[in-house]
Amino acid sequence: MRFSLFAIGMLYAATPLLNPALAAAPSEQKDTMTETPTPPMAEPRPHSFTAHGYTVEDPYHWLKDQSYPVIDDKDVLDYLNAENAYFEAEMAPHQAKVEKIFQEMKGRIKEEDSSVPQKDGDYIYWVSFAEGQQYKKHWRKPAAGGPDQLILDENLLAAGKEYFRLGELSISPNGRLMAYAYDDNGSERFEAHVRDLSTGKELPDVVPETLSSIVWDAGSTGFVYGRANENWRTDKVYYHRLGEEAAVDTLLYHEKDIGFSVGVGLTAQEDYIVIGAGDSDTSEVRLIPASDPLQAPKLVSPRKTGRLYEADVRNGTLYLYTNDDNINFRIATAPLSDSENWTTLLSGSPDNYLTGIALFKDFFALEGRIDGLDYIRLHRYDDIANPDKIAFKEESYVASLGDNPEYDVDKVRISYESMVNPDTVYDYHVGTRTLETLKVQEIPSGYDAAQYATERLMIPARDGVMVPVSILYKKGFAKDGTAPLHLYGYGAYGYAIEPGFDASRLS
């Protein structure tokens, strides 16, 4: 059966399935508790249209509300209300169990919580949640010592609004200014503001319809951002100078290909602003000195259909992550002055899928997957061939680089979880090659990871390809094939289901 996803999504947003008072159905669809609920059947109605010389018969065209985004078609609404009523009737005998599971899941959420603080420049930053509040509070304190400073309270920004979402928060290099952008109407267009953190006062700068990161220039006098077009794509990058109207912001780059989107970033040494343009299989990168954002962007290498690449800079050398000669990517270098002269640093491999690189002063961190299992390796620039291979104790897990804003470091923040162990934050100490546990997600209602085990199996698919499968079970489970198994899988778009922790799964 065909449905209008827009109409269904909009209706469900207004009439939650689990609230019968908001999902009243037409009287003819009601069933008593003693009767078997009857599912509604959408009737076919003749309709056809012609496109590209073909005539298409679509008897369920009427289920698409033609006035979307206004949802006012009575037939569509009546049918969706009938679907909701059928769901409620089918679920009615299970409400006690639904409520029990809901309370279990709710009991595993710690409402009052905070992130692990992380140093960035002269300050240490973190976020917190307060009990009963829906949004984050953003904090900092001087690294040299001093009081905590609340720099942004999302709850205050969201007060009295039906919708709120913080899209970006960016601190200026001098630590004094904070640019932040939010959407308070659900349009997915964010309005950027600037706050003076030394006084707590808002500056007059307001930049509408942003849709990207916000990157400050080196002098903290303005920032670079991307603006949304009429199709909700970012195709233009601007520079906003503090104190000026957004209407006179300088256009730095305009992407003419309507299939491409544009993003902005900053190199590891914070000396270049990065403008990246691309689609799902082709990309190109431009660099602008952070000290002179109005300088013409330098193109690293022109786009080639089917080639993806990312670029970072260390001491005048480009480090490139690209799939140009291997589907699993390789790492290459090039002089910044000769940016198309790429030399392989780490070759691609059919068994080793490289997923990213992060540059630091004395080493770079490489992320990847072997047979689908995450790894993190640290390669010293003077000994590339002998990396630190960070070891994790479980057979199956999810591991990635965490929040690492600084370039000159002797430890690396890492995020870790498994189907048994909740979200864990580590610091990997480079000098001693040891992991320090900073935080483990707390389950307030109680959880004993020692009662459970996880394994990783390689199972042949129908075509003979070996597929990794992660399993979770309570210790003592009889592996004789007699017990029920909940199996979940997905196989499209190159998307891997990561074997992470899910407190809801415990029910």
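Leaving aside its neighbours within four places in sequence, which residues is Glu-455 in contact with? The answer is Glu-395, Ser-396, Val-469, Ser-470, Ile-471, Tyr-473 and Lys-479, where contact means heavy atoms within 4.5 Å.

## The ground rules

This is a predicted model, in which local features need pLDDT of at least 70, side-chain atom pairs count only at pLDDT 80 or more, and totals for chains, interfaces and linings use all residues. Residues are numbered from 1 along each chain as its sequence is written, and side-chain values use heavy atoms, with hydrogens and water left out.

## The whole chain

The protein chain has four helices and 33 strands. Both kinds of element are DSSP runs numbered from the N terminus: helices are H or I with at least four residues, strands are E with at least two. Along its principal axes, the C-alpha trace spans about 75 × 60 × 60 Å.

Of the 507 residues in the protein chain, 38% are buried. Buried here means under 20% relative accessible area, exposed means over 50%, and partly exposed is in between (1.4 Å probe, protein chains only). The protein chain exposes about 28,500 Å², with carbon and sulfur atoms supplying 52% of it; such areas come from the Shrake-Rupley method with a 1.4 Å probe, and for residues only the protein chains shown count as cover. Take the contacts between residues at least 6 apart in sequence: 37% of them join residues at least 24 apart.

## Back to Glu-455

Glu-455 sits in strand 32 (residues 452-460). It counts as buried because its relative accessibility is 18%. Its side chain joins that of Lys-479 in a polar contact of 2.5 Å. A polar contact is a pair of N or O atoms within 3.5 Å; within protein, one must be able to donate a hydrogen and the other to accept it, and residues adjacent in sequence count only if both atoms are side-chain atoms.

## An enclosed strand

Now for strand 18 (residues 283-289): seven of its seven residues are buried, so the strand is largely enclosed by the rest of the structure. In a regular strand the side chains alternate between the two faces of the sheet. Here Ser-283, Val-285, Leu-287 and Pro-289 point one way, while Glu-284, Arg-286 and Ile-288 point the other way.

What joins strand 17 (residues 272-278) to strand 18? Seven bridges do, and the two strands run antiparallel; strands count as paired if DSSP finds at least two bridges between them. Tyr-272 has Pro-289 as its bridge partner in strand 18. The two strands form a hairpin with four residues between them. Strand 18 is also joined to strand 19 (residues 298-299), antiparallel again, by two bridges, and there Arg-286 has Leu-299 as its bridge partner.

Strand 26 (residues 373-380) and strand 27 are joined by three bridges, and Arg-377 has Lys-389 as its bridge partner in strand 27.

Another open sheet puts four strands in the order 28-29-30-31, and the pairing is antiparallel. Strand 28 (398-401) and strand 31 (434-440) are the edges. Strand 30 (residues 424-429) pairs with strand 31 over six bridges, and the partner of Asp-427 in strand 31 is Glu-436.

## Salt bridges

Side chains of opposite charge can pair when their charged atoms come close. A salt bridge is a side-chain nitrogen of Lys or Arg within 4 Å of a carboxyl oxygen of Asp or Glu, and the count comes to 26 salt bridges. Here are some of them:

| Pair | N to O distance |
|---|---|
| Lys-100 and Glu-104 | 2.9 Å |
| Arg-195 and Glu-202 | 2.4 Å |
| Arg-227 and Asp-249 | 4.0 Å |

Lys-100 and Glu-104 both lie in helix 3 (residues 95-107), four residues apart, about one turn of the helix. Lys-100 counts as exposed at 52% relative accessibility, whereas Glu-104 is partly exposed at 26%. Arg-195 is buried, with a relative accessible area of 16%, and Glu-202 is partly exposed at 37%. Asp-249 is buried too, at 8%.

Salt bridges also link Glu-255, Glu-284, Arg-286 and Arg-303 in a network.
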